[in-house]
Amino acid sequence: MIVINAGSAGRMAASEASKFTAPNFVRAPANVLCAGMVVPHLRLFAIMNERAMLTDAPPRDENRAGFLESDRTRILDLPHDNRLLSIAKSIESAMQAGKTADVRRACAGFLAEASSFYKVRNCTVRVLAARPLQVREHFTTELFGDYTIETMLIRLWMRTAIRKEVTSYGTLLNTLCHEFCHHLDFHLFRFADSWHTRGFYERTAALYHHARGTPQKRLFWVPLTGGRWRIDWQKTRRGA
Ligand SMILES: [Zn+2]
C-alpha cells in the first residue's frame with residue numbers, strides 16, 4: 001500500500017501502482033509532498049503535492065544517524081556562475097513552446113550540468129504528458145515527478161491531470177530540483193537512504209532558487225508529533 005504521509009518507508013505493490021492512471025478526481029490532500037515507495041525491485045520517490053512540505057519521521061533503526069546528518073546538512077554548494085540559471089531558462093522557453101521533446105532535452109542539459117558540478121554520475125530524465133492520479137476512497141493525488149534509485153531515472157509530468165494544462169515552470173523546475181536532490185543524497189552525500197528532512201528541503205530550495213534566479217529564502221519550521229516538521233509558509237513568506 002502507499003503510505004502517503006510517510007517518506008521512504010512507504011511501500012507500493014504493483015497492483016497499487018496501476019491506480020496512478022485511474023481517471024477519477026476528487027481533490028488532493030494537503031499533507032503530502034513526496035512519498036517513497038517500493039514497486040517490485042525498484043524504489044521510487046514520488047512528489048505528490050508540491051505545496052505541503054512535511055518531513056519524514058526519524059527512523060528508530062540503524063538509519064537514524066544518517067537521517068539526523070541529512071537533517072543537519074542545511075547547505076548545498078552552488079555554482080558561482082550562471083550555468084544552471086541559463087539552462088533553466090531554456091527549460092522555461094521550451095515549456096512555453098509546449099514541446100515535450102524540447103523540455104526533456106533542456107531538463108537533460110540541466111541534469112548533465114548539475115551532475116558535472118557536483119561530480120556525481122549523471123541521471124536521466126523523461127518528461128511525460130498528463131500527470132497520473134492516485135485515487136483513494138476520499139481523495140485523489142496528482143503525481144508531479146519521481147526518481148528511481150536503481151535506474152537513476154527522473155520522470156516529470158508536464159501537464160496537469162485534469163485540465164491537461166501545461167504545468168507552471170516553477171512547479172516543473174522545483175520538481176526537477178527535488179528529484180535531483182534525491183540523486184545527490186545517494187551519490188554526493190552517500191546517505192544510506194534519501195529522507196525528507198529539513199536539511200533535504202533546504203538543499204532543494206537552495207538549488208531551486210539558485211537555478212531560478214530568485215532570492216534564497218530562510219525556511220521556518222513547525223514541530224509536529226513524532227519528530228516530524230512541517231514548513232511554516234506564513235513565516236517563510238514574510239521572512240521572519
Ligand atoms: Zn521526494
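**Briefing: burial, core and helix packing**

I149 is buried, because 20 other C-beta atoms lie within 10 Å of its own, and the cut-off for a buried residue is 20 or more. The model described here is predicted. Its protein chain has seven helices and nine strands. Of the 240 residues in the protein chain, 39% are buried.

**I149 and its surroundings**

- I149 sits in a loop, with strand 6 (145-148) on one side and strand 7 (153-159) on the other.
- In sequence, I149 and H183 are 34 residues apart. In space, the C-alpha atoms of I149 and H183 are 7.4 Å apart.

**The nonpolar core**

- In soluble globular proteins, nonpolar side chains tend to be buried together.
- The largest nonpolar core in this model contains 41 residues.
- The residues with the most contacts inside this core are I91, C107, F110, L156 and L176.
- At least two residues of the core come from each of helix 3 (83-97), helix 4, strand 3 (124-130), strand 7, helix 5 and helix 6.
- Leaving aside residues up to four places away in sequence, F110 touches L84, I87, A88, I91 and L176.

**Helix 4 against helix 5**

- Helix 4 spans residues 100-118 and helix 5 spans residues 169-187. The two helices pack at an angle of about 35°, and their axes are 12 Å apart.
- The crossing of helix 4 past helix 5 is right-handed.
- On the helix 4 side, the contact is made by C107, F110, L111, A114 and Y118. On the helix 5 side, L176, F180 and L184 take part.
- By residue type, this contact of helix 4 with helix 5 has eight nonpolar, no polar and no charged residues.

**Helix 2 against helix 6**

- Helix 2 (residues 64-72) and helix 6 (residues 198-212) have axes 5 Å apart and pack at an angle of about 40°.
- Helix 2 and helix 6 are therefore oblique to each other.
- The crossing of helix 2 past helix 6 is left-handed.
- Helix 2 contributes S70, D71 and R72 to the contact, while helix 6 contributes R198, G199 and F200.
- The residues of this contact of helix 2 with helix 6 are one nonpolar, two polar and three charged.

Terms used:
Residues numbered from 1 in each chain as written. Predicted model: local features only at pLDDT ≥ 70, side-chain atom pairs only at ≥ 80, totals over all residues. Helix = DSSP H or I, 4+ residues; strand = E, 2+ residues; numbered from the N terminus. Buried ≥ 20, exposed ≤ 12 C-beta atoms within 10 Å, placed from the backbone. Axes fitted to C-alpha atoms, helices over the stretch in contact; angles between N-to-C directions. Parallel < 35°, antiparallel > 145°, perpendicular 65-115°, else oblique. Left-handed = near helix turned anticlockwise from the far one by under 90°. Contact = placed C-beta atoms within 7 Å. Nonpolar A, V, L, I, M, F, W, Y, C, P; charged D, E, K, R; others polar. Core = buried A, V, L, I, M, F, W, Y, C linked by C-beta atoms within 7 Å.
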